[in-house]
Amino acid sequence: MKKYRFLLLLLALHGTKVFSQDKGLIFWSDFMYFKNQEEDYYLKNGSLYSRKEIELPPPISPPIEPPVEPPVKPPIDPPITPPVEQPIKPPIVVPPIVKPVEPPVKPPTPIQPIPDPIVPDPPKPTVEKYIFYNNVFYEGTDLKTGSSPLGGDLTVDMSNKIGMGSIKEGYVIENENTISLNKLPEIQTLVGMQGSNGGTIINQNSGVINIESYGGIGMSILNSGYAENNGTINAILPISNNTVAIQLRKNGNGINNGTINLYNSYTVGATVENGSFINKGNILGAARYAMATLGSGSVENSSTGNISLLGVFAGIYVSGGGSGVNNGAITVLDGNSAMMTTNGSIINNGTITMNTPSYNNGNNTMEIPSGAMFINGFGTAINSESGVINIGTPTSLMRATNAMTGEGAVVLENSGTINMYTNTVTPGSILTTDFAYFLTEGAIGKNMPTGVINLGEYGMVNYGGTVYNWGVINKEETNTQSLSYNGKLVMESGGSINTSKSQMLETIAIGRSYVGNHYVDSGVLNLHSSITSNFKEIKSNSKLYEVIENNGVYEFKRNRFEILTDDVLAKYLEDIYYDSNNSTKNELFDILTSSESGSQFEWYLDEIFGRGYFPSLMYQTNDAIVFTNETILNQISEKTQATNKESYIFGYSFEKMKKDVYENILGYTDELNSFFIGKNYPIKESLSSGWILSYTRLDSKFKDNKGKREDNMFQGTGYLNYNKDTVNAFGSFFAGYSKGNLDRNVQLGYLDYNEDFTDISFESLNESLSSDIKNYYVGALG
């Protein structure tokens, strides 16, 4: 007898070949492969069944920088083809995991695109001439407009497209007149001054560049060179859309000693890729950004620099791993943020003032979050010891504006001063107040030992997240707001909350800086008097400790691990809880001590010791056993026929299946290869018995790079088979043994203190661990 069976549905393929011959040979080959990414299917007795699991929603990706347009092409001699810029992509960073269960998150704040106008082709130079003016190249190394051989005032239009420039290092062109970029009926970028290949362009004190064209660029450095503005650059209303006053491509550097006037929210003062830009003068008006980095470059507002903008999205914007520093003054009128980063660092050493937020007045700040310093996704934000952030002024009160805002697993640090001048809060609407920290999606705030937060009459410390306070928080007597809303304040050693009179506030948590190093079971807490006098309840932020009051004396006591978990690991942890100068063990207890709840503690145990894998391992083992025995049942019971001769049995089966993430099951993909050998013995006409030895190889890969499993399973099976007419009965008994290994990739994040407990930061554990797996099993099937 020879039989073929094929079934094709969606992307599931199943094929079987079976041979049963009177000469005493039973052979089969069975192949089943699944590729469907949403549902699993399996075949049994010729029918298709569904293994559909519920998939968790994918993680929300951080915001991605918009592609950067091709760079400006310089005047060249001989002709050189400029390189094509590739879209800038920020590095993918897996944010560290702090809590086992994250709250639902909202999409990150959309980032406004940076104007990136396309520059026309420049004129062609002649030999030994590297400075051009109005399409003509001239001899000389340092030429000025208004002096021979160059002309004076210049109009840039479609006839020349680029007014003047230098295309070689050591060659300088200076503008002492007026350059006008005329409005065009079509969209076409015009450039006032351009430098490339190390060339220098300078707009001198008397120089004026008026940008009256869509996508116009006042001064541009293509790949390398230097741009300096000592005069005035105007992006003239209302036709200055998509314009940039100073554009620095590649390694271009620049400085502004003069004044840049911007007239609407589609203009930018300066953009930098991998070079640097310093503002020592003024950037004024209405703009999208005053200064922005698109790559690893840096921007600085110097101590003499003044940025004062209306309706700005960000005064200083940093992306691509760059940096932004304010050493001067930034005033934002009716805008979103003074300094923002999506991937880079921002530091304030100067003064930031947020004023008159009319567009944000009464709005839901969850939908339109603001922040004098704002991290959107990745990066660092520091208000240094000399830095001052004013949320409003005594004569210009604020509403719904924040000093430091963080979205994502980021840290916002204040070592300077935050002053909050908050307007009357709308009754019943907490989001109409001002917060020193506005924290979402895992962000934390730090008020360092030199940090001072003046909450004023209506301000609050934080919305969401956790703030760790080593510094000073001043709360006016008339301020009846709670300290935190939907968040937590943790008092660290030396930190204080000062009020004009004692206020019995809500529960306060104390940090590990009060407890100190590990391996101390109890001790006295020297709490600041402002903590004991202002709070109804004092508790430990770490689940490992309890705070106990005894006649006005506060002490801490360590919870034994048997109290924290009923797992057998509790005794193991208790037995090794002593100081042995073992850095690995210290890191283990650093992670466990960072637990703020019982569920977080259990989650850390799951991840570190692999408990979270147990349910998945049981399912995988069950998959392999079911696969082996269902194959025997399907092939032997249906295909063997009673004969007068003994028959040998040989078989091979393959199956690939996918299990999606569901409840406590990790997602994984199984590949099963099984080989069978055995013998069938006739007992009488319709009854036979036999035995089968099988070997199954299990290869599993877990989702999200969590690891893999390899297992070898050996099984012996004895069976009885009755087959007569339309009646078929089959029963078997089996016993097996499996041996393999599990390779786990442990990846988790946690908060850890430095050695003297004066700082806290995100840390990560990335380890590859291997474990042996052994299983014994017996069972019956029929």
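Which residue's side chain does D699 meet in a salt bridge? The partner is R697, and the N to O distance is 3.3 Å, where a salt bridge means a side-chain nitrogen of Lys or Arg within 4 Å of a carboxyl oxygen of Asp or Glu.

Before I go on, a word about the model. This is a predicted model, in which local features need pLDDT of at least 70 and side-chain atom pairs count only at pLDDT 80 or more, while totals for chains, interfaces and linings use all residues. Residues are numbered from 1 along each chain as its sequence is written, and side-chain values use heavy atoms, with hydrogens and water left out.

Back to our pair: D699 has 23% relative accessibility and counts as partly exposed, and R697 is also partly exposed, at 24%, because buried means under 20% relative accessible area, exposed means over 50%, and partly exposed lies in between (1.4 Å probe, protein chains only). Salt bridges that share partners also join D521, R558, R560, E562 and E574 into one network, and a search of the whole structure finds 23 salt bridges.

Two further pairs deserve a look. E273 forms a salt bridge with R249, with the closest N and O atoms 2.9 Å apart; E273 sits in the loop between β22 and β23, R249 in the loop between β19 and β20, and the two are 24 residues apart. Both E273 and R249 are buried. In the other pair, the side chains of K446 and D759 meet at 2.6 Å, N to O. K446 lies in strand β41 and D759 in the loop between β58 and β59, so this pair ties together parts that are 313 residues apart in sequence. Here K446 is buried, at 4%, whereas D759 is partly exposed, at 22%.

Now to the strands, which are DSSP runs (E, at least two residues) numbered from the N terminus.

Finally, the surface: Y648, F650, I677, W691 and L693 make a nonpolar patch of about 470 Å². Strands β54 (647–659) and β56 (687–702) each supply at least two of its residues. Y648, which lies in strand β54, is partly exposed at 43% relative accessibility.

Terms used: Patches are made of residues with over 30% relative accessible area and no salt bridge: like charges are joined within 9 Å, nonpolar side chains (Val, Leu, Ile, Met, Phe, Trp, Tyr) within 5 Å. Accessible areas come from the Shrake-Rupley method with a 1.4 Å probe; for residues, only the protein chains shown count as cover. Helices (H or I, at least four residues) and strands (E, at least two) are DSSP runs, numbered from the N terminus.
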